Amino acid sequence: MHVPHNHALGIQFHSVRNGEAITELPYDAKLVGNPDTGVLHGGAITALLDATSGAAVMAALTSPVPIATLDLRIDYLRPAEPHHAVRCKATCYKVTTNVAFTRAVAYHADEADPIAQAVGTFMVSTKPGKAT
Amino acid sequence: MTLTERLATAKAAGNLADVLGAIPYAQFLGFSASLDGDSVITTMRFAPHLIGNPHLPALHGGTLGALLESAAIFQLIWSAETIVLPKTITITVDYLRSGGPHDTHARGVITRRGRRVTNVSMEAWQADRAAPIASAHAIFLVKRDG
């Protein structure tokens, strides 16, 4: 599905399968939070973690049903480096009748040296319908 | 002028617009700020590129997270004695209702101000302030000595 805000941010989806999603947010001057340092705004990382976590849930469902984020907790571990793309890997590690659980990590090159980490919960619709 | 200098000038003039103009991401999301007493109200003007689900349509959850985080940061800067840029340590967002294609407002309330760490709770709403579409709490590193 075309998600206007993902497109506006420039998020690229590298792989979405088996309950896992890998995405990339290219560095873009319009996403800068501190003009003195050129560091990306935390909000852009939040949007990347949210979008990737949602994609992981979709990749874990057997049939596409609407989902909605219930909550998302983000820990910022270190600032993103200016002029570098941010990658994100999200895993949907549990799906129940009503709720899906995710964890996600944002990093530059090395997943073991994360910029931010997130855990989320998503409401899973019980009715089949249009995927979000 | 550095961002900190801009913040000091804007605070002295009682006008946050100049600061928002200097932050590219705030421009991208269409943020503006106004004062309600000592409380900073941050508004995200609706634009089609903020949509996450075009079928409903509904705002992207990431835009609401960014709005809530920014509302807290603006409140922290506004109510601090010295200009220090707060660093977000952690933020938890609860999505309460889907955000419609309308302007969204948010404010942050400082719940505890420690020597190094400050806790803030935030709320975002659209037409009806009594029916928030998202709430959040966050912890910021705000070191007095920079």
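Select Gly14(B), the residue that follows helix H1 of chain B and has a positive phi, near 70 degrees. Helices (H or I, at least four residues) and strands (E, at least two) are DSSP runs, numbered from the N terminus. This is a predicted model, in which local features need pLDDT of at least 70, side-chain atom pairs count only at pLDDT 80 or more, and totals for chains, interfaces and linings use all residues. Residues are numbered from 1 along each chain as its sequence is written, and chains are lettered from A in the order in which they are written.

Next, select residues 3–13 of chain B, which form H1(B); Arg6(B), Leu7(B) and Ala10(B) are buried there. A residue is buried if 20 or more other C-beta atoms lie within 10 Å of its own, exposed if 12 or fewer, and partly exposed in between, with C-beta atoms placed from the backbone. Viewed down the axis of H1(B), the buried residues fall within an arc of 100 degrees, so they line one face of the helix; the arc is that of the directions from the helix axis to the C-beta atoms. On the face turned away from the buried side, find the exposed residues Glu5(B) and Ala12(B).

Now display both chains: the contact takes 32 residues from chain B and 32 residues from chain A. Two residues are in contact if their C-beta atoms, placed from the backbone, lie within 7 Å. On the side of chain B that touches chain A, strand E5(B) gives the most, with eight residues.
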